[in-house]
Amino acid sequence: MTDPRPKRPARPTSQPGPKAGARPGPKAAGKGRGAPDTHTPITQRLFFALPVPADVTPALVAAQGKLRGNWRSVPADQMHVTLAYLPAVPHDRVDDLKKLGTRLFTDAAPLDLKLRGTGYFPNEGSPRVWFVKVEAEGLNELAAALRAEIQALGLSTDDLPFKAHVTLARKKGPAPRVPPILFPKHWTAGSAGLHRSILRKTGPIHETVSTFRLRGTPATPAPATEPAPDEAIQETP
C-alpha cells in the first residue's frame, strides 16, 4: 500500500551563499569585536605652559598626601602653569603655533614665579579642582600677549579669564576639602612649552610638542622720583 502523504524535501547540506549585492556582515567589513579602531580626531587639545621645576614639586607632592576620598592627584612631572589653552587645533596648524612660540618667547624675559596659597574651582559648592596660586611680575602680560597672537592666527583659546595657578588634584566624586596651605616657594622660569593633552580614563596625559627658551632681557625698573613740594602736601579732594 502506497503512503498518501507527500514527501518532505531533503534539507540542504550547506548554507546558501550571500545574495548578490548584499552588504558584507560585521566581520567581513572589519568592524567585528576586536577590530582596531582607526578613527583619528581631526583636532587636538594643546596648551602653552611654564613647567614647575623638580626642586619645587616635592612640597606640592607632600601637600597632595593630605587628600582624602575621590581626589586624583596630578603627577609631579605634569605640574605646570598654563598660559593659554587651545581646545581644538587642526593638525595642520601645529607648526604655526611652534613658530609663534619661538617668536614670542625668544623676546620674553625669564620670570620669577612665586607660589602662594591653595584654592578651589569653583570656590562655592562642590569643587572640581584643587590648585595653588602663582604670582610673577609680567606673567599676566605674557599670557595676554600669547592669547592675542593665537587669536590673530585664527585659532581659539578658552573663554576663561587668566588666573595663574598649578593644578594639584581633580575630584572624581565625593571628597572633603583640604584646609588652606601656603607655599613659600619660588623659582625662575627660563623656558616654556607647547604640550598636547590626551584624555584617558585615569586622567589627561601631557606630551611635549615643542620647548622654547625665554631669552629676553628683564626690564629695568624706572628710578623713583621725589615729588615736587606742592605735590607732597596736596590732599585728595
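Before anything else, a cut-off for my notes: I call a residue buried if its relative accessible area is under 20%. I also note that this is a predicted model.

I traced Trp71 to strand β2 (residues 71–73) and Tyr120 to strand β4 (residues 111–121), so the pair links distant parts of the chain, 49 residues apart. Tyr120 has a further neighbour: Arg177 lies over the face of its ring, 4.7 Å from the ring centre.

My count of aromatic pairs came to five. I picked out Phe48 and Phe105, whose ring centres are 6.1 Å apart; their planes are at 40°, so I logged the pair as tilted. Phe48 sits in strand β1 (residues 43–51) and Phe105 in helix α2, 57 residues apart. Both Phe48 and Phe105 are buried. With Phe212 they make up one aromatic cluster.

How do α2 and α3 pack? I found helix α2 (residues 94–107) and helix α3 (residues 139–152) at an angle of about 145°, their axes 11 Å apart. The crossing is right-handed. On the α2 side I listed Leu97, Leu100, Arg103, Leu104 and Phe105; on the α3 side, Leu142, Ala145, Leu146, Glu149 and Ile150. By class, that contact has eight nonpolar residues, two charged and no polar ones.

Methods
Residues numbered from 1 in each chain as written. Predicted model: local features only at pLDDT ≥ 70, side-chain atom pairs only at ≥ 80, totals over all residues. Heavy atoms only, no water. Axes fitted to C-alpha atoms, helices over the stretch in contact; angles between N-to-C directions. Helix = DSSP H or I, 4+ residues; strand = E, 2+ residues; numbered from the N terminus. Left-handed = near helix turned anticlockwise from the far one by under 90°. Contact = heavy atoms within 4.5 Å. Nonpolar A, V, L, I, M, F, W, Y, C, P; charged D, E, K, R; others polar. Phe/Tyr/Trp six-rings, centres within 6.5 Å; stacked < 30°, edge-to-face > 60°. Buried < 20%, exposed > 50% of the residue type's maximum accessible area, 1.4 Å probe, protein only. Lys NZ or Arg CZ within 6 Å of the ring centre and 35° of its normal.
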